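Dear colleague,

I am passing this structure on to you, and I would be grateful if you could look through it alongside the notes that follow.

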2 protein chains.
Amino acid sequence: MRVELHFTPHQIDELALRDRTVVVIDVLRASTSIANALFNGAKEIIPVTSVERAVKISGNLFGDHVLRGGERNGKMIEGFNLGNSPAEYSEEKIKGKAIIFSSTNGSLALEKARFARNVAIGGFVNISQVVAFVQEVNQDFTVLCAGNNGMFSLEDSVCAGMLVQRLSEADLDDVAFSDAAIASGMLYKGYSRNLLKMVKNSEHGKYLTGIGQADDLAFCAGVDTIPVLPQLIGSVIRVKRDTEKAEPSKTPVIS
Amino acid sequence: MRVELHFTPHQIDELALRDRTVVVIDVLRASTSIANALFNGAKEIIPVTSVERAVKISGNLFGDHVLRGGERNGKMIEGFNLGNSPAEYSEEKIKGKAIIFSSTNGSLALEKARFARNVAIGGFVNISQVVAFVQEVNQDFTVLCAGNNGMFSLEDSVCAGMLVQRLSEADLDDVAFSDAAIASGMLYKGYSRNLLKMVKNSEHGKYLTGIGQADDLAFCAGVDTIPVLPQLIGSVIRVKRDTEKAEPSKTPVIS
């Protein structure tokens with residue numbers, strides 16, 4: 001198994017990911033919001049890269065069975081029901097609904113992965129699900145960090161490194177890591193003692209704090225608090241698999 | 001002072017670097033070869049991105065006052081005098097000559113920086129020169145890692161992190177680092193105890209070993225072994241500044 005990693009999706013040729021297994025990581029906040037929405041019973045998430053497309057495809061069903069969620073520059077989009085704070089995606093608001101979702105970085109990363117064979121969406125909140133997934137698929141895969149407007153983002157890279165580190169520790173036969181994957185593992189080791197502090201000190205963490213979204217940081221830095229694995233199947237994100245932990249309480253605990 | 005960093009040059013818009021100070025890092029091997037060539041008395045290095053351009057501009061002077069150097073996929077180019085092993089750029093071969101230089105990654109990074117105000121070229125071999133340069137210029141700057149065919153390269157990133165770490169320790173007033181710069185500093189801390197081992201274990205290090213260029217790795221992992229600062233001035237790389245160890249005739253004018 002060879003593990004490739006890209007710190008930003010912008011330079012990737014979509015066809016380079018064709019038929020591959022891809023893990024998309026957008027800690028702040030698309031991965032976390034998508035996981036929470038599916039954990040809380042959303043029927044599906046439909047990622048789109050433009051606001052216009054979100055409006056177009058939600059069509060006549062908008063507001064009833066279909067909601068619009070996401071952000072531009074961290075803020076809710078006009079005409080949308082939901083922003084990109086994971087806590088907004090509560091059972092009360094989203095159970096049974098389809099959510100058309102558009103965020104600045106996460107949606108682009110998902111678009112880049114559209115020709116892949118398997119696409120899982122991961123963050124700290126479901127890291128063990130992601131580790132189990134790539135071990136189960138058991139083939140070469142690519143980690144695609146969503147980054148921050150085309151730039152490297154610390155929180156995505158450290159989360160990717162947590163995945164790499166878990167695989168390194170799993171003592172699998174014949175796993176090779178690209179330079180970027182090795183580097184992410186080193187970053188995780190450097191920051192693992194205080195992930196919340198790392199998230200708070202990251203550029204996007206500071207930006208979200210500045211626009212009044214600081215509460216999201218602890219939510220997104222929680223490890224294994226939302227035990228679901230969102231997967232992009234066709235053009236729709238659904239839960240293909242969850243653990244025994246998922247059913248009983250359905251209450252994410254934030255560390 | 002704000003320190004930005006890009007792990008690969010491919011996604012950068014050239015105009016984003018306009019009028020900035022840029023440090024280009026290509027440890028294996030363009031930075032090291034260029035530094036060694038200028039240290040050993042090359043008159044100037046003219047970086048070009050294509051072999052055709054190298055042949056065209058070397059013209060009638062080729063072989064006498066002008067040499068062609070560089071590589072594609074680590075190997076010497078047909079019709080060139082020099083490859084990209086830094087040791088090839090000996091005083092005997094290159095003193096007083098102009099070298100048209102084209103390498104896979106380094107030349108692209110230099111092209112991306114062509115609208116910058118100041119461009120320095122750095123590696124482990126001249127890291128203290130680079131640190132002194134950015135402190136002297138004392139303004140926001142961008143570190144541009146050459147990467148490896150559009151991918152993250154460990155050795156360039158760790159070298160960039162050495163620069164970041166030196167600046168952090170210098171206790172300067174009011175220095176801010178981007179997420180990527182902070183991450184590079186963490187990578188340097190992780191690998192600082194054995195830079196040669198890191199270079200040997202990097203993807204490009206392994207590749208060069210595989211094609212019989214392993215001797216270059218120790219050369220390129222040496223710290224402060226070549227005390228010159230190559231700078232891109234217009235479309236030509238020259239030494240604008242060097243230390244007391246260099247010859248008096250190469251005396252720098254500091255802008």
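**Cavities, chain contact and salt bridges**

The largest cavity has a volume of about 200 Å³, where a cavity is, on a 1 Å grid over the protein atoms alone, a set of points where a 1.4 Å probe fits but cannot get out, and a volume is the space filled by probe spheres set on the points, which are joined across faces, edges and corners. Please bear in mind that this is a predicted model, in which local features need pLDDT of at least 70 and side-chain atom pairs count only at pLDDT 80 or more, while totals for chains, interfaces and linings use all residues. Residues are numbered from 1 along each chain as its sequence is written, chains are lettered from A and ligands numbered from 1 in the order in which they are written, and side-chain values use heavy atoms, with hydrogens and water left out.

There are three cavities of 30 Å³ or more. The lining of the largest cavity (residues with an atom within 4 Å of a point) comprises 21 residues, and A:Phe7, A:Thr8, A:Gln11, B:Phe7 and B:Thr8 lie nearest its centre. Strand S1 (2-6) and helix H7 (179-191) of chain A, together with strand S1 (2-6) of chain B, are the elements that give two or more residues to this lining; helices (H or I, at least four residues) and strands (E, at least two) are DSSP runs, numbered from the N terminus.

Turning to the two chains, the contact (heavy atoms within 4.5 Å) takes 22 residues from chain B and 22 residues from chain A. The area buried between them, meaning the accessible area (1.4 Å probe) that two parts lose on being put together, summed over both, is about 1,900 Å², of which carbon and sulfur atoms give 65%. B:Asp179, B:Met186 and B:Glu203 supply 32% of the area that chain B buries against chain A, more than any other three residues.

Between chain B and chain A there are two salt bridges, each being a side-chain nitrogen of Lys or Arg within 4 Å of a carboxyl oxygen of Asp or Glu. A:Arg2 forms a salt bridge with B:Glu203, with the closest N and O atoms 2.6 Å apart.

Over all chains the count is 14 salt bridges. In the one between A:Asp216 and A:Arg29, the closest N and O atoms are 2.6 Å apart. A:Asp216 lies in helix H10 (residues 215-221) of chain A and A:Arg29 in the loop between strand S2 (21-25) and helix H1 (30-39) of chain A, so this pair ties together parts that are 187 residues apart in sequence.

With best wishes

Definitions and conventions:
On a 1 Å grid over the protein atoms alone, a cavity is a set of points where a 1.4 Å probe fits but cannot get out, and a pocket is an open set with protein on both sides within 12 Å along at least five of seven lines; lining residues have an atom within 4 Å of a point.
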